[in-house]
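Biologist: Before I rely on any of the labels attached to this model, I would like to go through them with you one at a time. Could you set each value against its definition?

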Amino acid sequence: MSSNPVAETVASLMPRAKAELAELVAFKSVADFDQFPRSESEGAANWIADALRSEGFEDVALLDTPDGTQSVYGYLPGPEGAKTVLLYAHYDVQPPLDEAAWTTPPFELVERDGRWYGRGSADCKGGVVMHLLALRALKANGGVPVHVKVIVEGSEEQGTGGLERYAEAHPELLTADTIVIGDAGNFRAGLPTVTATLRGMTLVRVQVDTLEGNLHSGQFGGAAPDALAALIRVLDSLRAKDGSTKVDGLAADSSWDGLQYEEQAFREDAKVLDGVELIGSGTVADRVWARPAVTVLGIDCPPVVGATPSVQAGARALISLRVPPGFDAVEATKLLQAHIEAHTPWGARVSTEPIGQGQAFRADTSSPAYASMAEAMAVAYPGQEMQSAGMGGSIPLCNTLASLYPDTEILLIGLSEPEAQIHAVNESVSPDELERLSVAEALFLRNYAAS
Ligand SMILES: [Zn+2]
């Protein structure tokens, strides 16, 4: 990598990158203003706006989004006729959780054992610094060959959708040929990865009623229709014997043809207890990235402490169904509702209510943007080939952007490899990953401009 001038420039900029990341991490920019003052988020937003201005960005603005937070926007014009690339990151962070459990203060960037610790260091203030590094490296080596838009969100971790709704109301703002979402991560540190798919999700609430009121289980139990027992039957019907998800009419045999997730690695990542089997069928990657997965999130029934000898008249559950790409979340919701109704025993009264849903996302990995990124990553990570992984969770903004701009390529990369422990205590970033991914992003912009 050292023979590449862009890589050399990025290496020389790393001390500055560390100092800047330390400044950004010091803002307690949790977008929950009851817990952390708004001024902390404003400080981070202004820091980013200043950084963009000093890189020559135009139209730099703090956008007031409908959830009361601010996104930072800027535009760096490129050569006449060039393509436009939108770079995304977010400056808000998860709360530190248990501050006493942090080895060093959460809002202080501290180097330890070759990693930089601090809340947001990887997710996603490191992403902001990665974008800056990539652009500076290009400027020092012949210029930025594309038009660049930067958008840095202020409430990603809250899920309040400020930027999504702002983008829907101002669809012209974020138009681009390609979008790089710098908020994902390599599958393992050192293994360059794009996240090619995200599962969607649907949430359904189910209520089962059988009696006008609870009954004494001694006097009536045995013949009285028990609503909790009926609900347990319904929930059990959503799984095959091996634990795989079973919803009538919903295919569950799709397979994943990208990077494989070794079973042992999964067991370690998921911290599965010794002797306990994984559930489902197919490869681990099939199960977590390519197939539907049902989870019972909650059941309303009497807690053990204080329970009385009663047959329950009613019971309720909240069910989540993760929906892989290729499935329509609306259709999956209907199938789930129909399944629940069809599998409710004993003529019990059942009602289902959809609580929310989001569509799955699949990138077009055969696009020129992907080829440009693969080439860039092979240079930034010598000896490695770009991998495509899935993500079991969802990024709602991705769906918003994909539906606003159906012809735009979306690439997900970033610093959140497993060791980064994002969202947990002692979050950290690998400076090596920051360096390599910044090189990859810079070379990607160059390759893509030429494609
Ligand atoms: Zn993030």
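Modeller: Let me start with pairing: two strands count as paired if DSSP finds at least two bridges between them, and the strands themselves are DSSP runs of E with at least two residues, while helices are runs of H or I with at least four, all numbered from the N terminus. This is a predicted model, in which local features need pLDDT of at least 70 and side-chain atom pairs count only at pLDDT 80 or more, whereas totals for chains, interfaces and linings use all residues. Residues are numbered from 1 along each chain as its sequence is written, and side-chain values use heavy atoms, with hydrogens and water left out.

Biologist: In what order do the 6 strands of the open sheet stand?

Modeller: The order is β1-β2-β6-β3-β7-β17, and the pairing is mixed. Because β1 (58-64) and β17 (409-412) each have a single partner strand, they stand at the edges, and one side of each is left without a neighbour in the sheet. From one strand to the next the twist averages 15°, where angles run from 0 to 180 degrees between N-to-C directions and axes are lines fitted to C-alpha atoms, for helices over the stretch in contact.

Biologist: What makes β3 and β7 a pair?

Modeller: Strand β3 (residues 84-90) is joined to strand β7 (residues 178-181) by 4 bridges, and the two run parallel; the requirement is at least two bridges, so the pair qualifies. Within it, Val 85 stands opposite Thr 178 and Leu 87 stands opposite Val 180. β7 also pairs with β17 in the parallel sense, over 4 bridges, and there the bridge partner of Val 180 is Leu 411.

Biologist: Which way do the residues of β7 point, and are they buried or exposed?

Modeller: Thr 178 and Val 180 point one way, Ile 179 and Ile 181 the other way, and all are buried, a word that stands for under 20% relative accessible area, with exposed meaning over 50% and partly exposed in between (1.4 Å probe, protein chains only). In a regular strand the side chains alternate between the two faces of the sheet.

Biologist: Why is Arg 446 called partly exposed?

Modeller: Its relative accessibility is 34%, which lies between the 20% and 50% cut-offs, so Arg 446 counts as partly exposed. Arg 446 is found in helix α11 (residues 431-450). Leaving aside neighbours within four places in sequence, Arg 446 is in contact (heavy atoms within 4.5 Å) with Val 6, Leu 138, Asn 141 and Pro 145. Arg 446 and Val 144 are 302 residues apart in sequence, yet 7.5 Å apart in space, C-alpha to C-alpha.

Biologist: Why is α3 called oblique to α11?

Modeller: Helix α3 (residues 125-139) packs against α11 at an angle of about 50°, with the axes 8 Å apart. That angle makes α3 oblique to α11, because angles under 35 degrees count as roughly parallel, over 145 as roughly antiparallel, 65 to 115 as roughly perpendicular and the rest as oblique. Among the residues that meet are Leu 138 in α3 and Arg 446 in α11.

Biologist: How do you know that the span of α8 is close to what is expected?

Modeller: The expected span is 1.5 Å times one less than the number of residues; helix α8 (residues 329-342) has 14 residues and reaches 20 Å from its first C-alpha to its last, close to the 20 Å expected. Its buried residues include Leu 335, Leu 336 and Ile 340, and what covers the buried residues of α8 includes β9 (200-209) and α5 (227-236).
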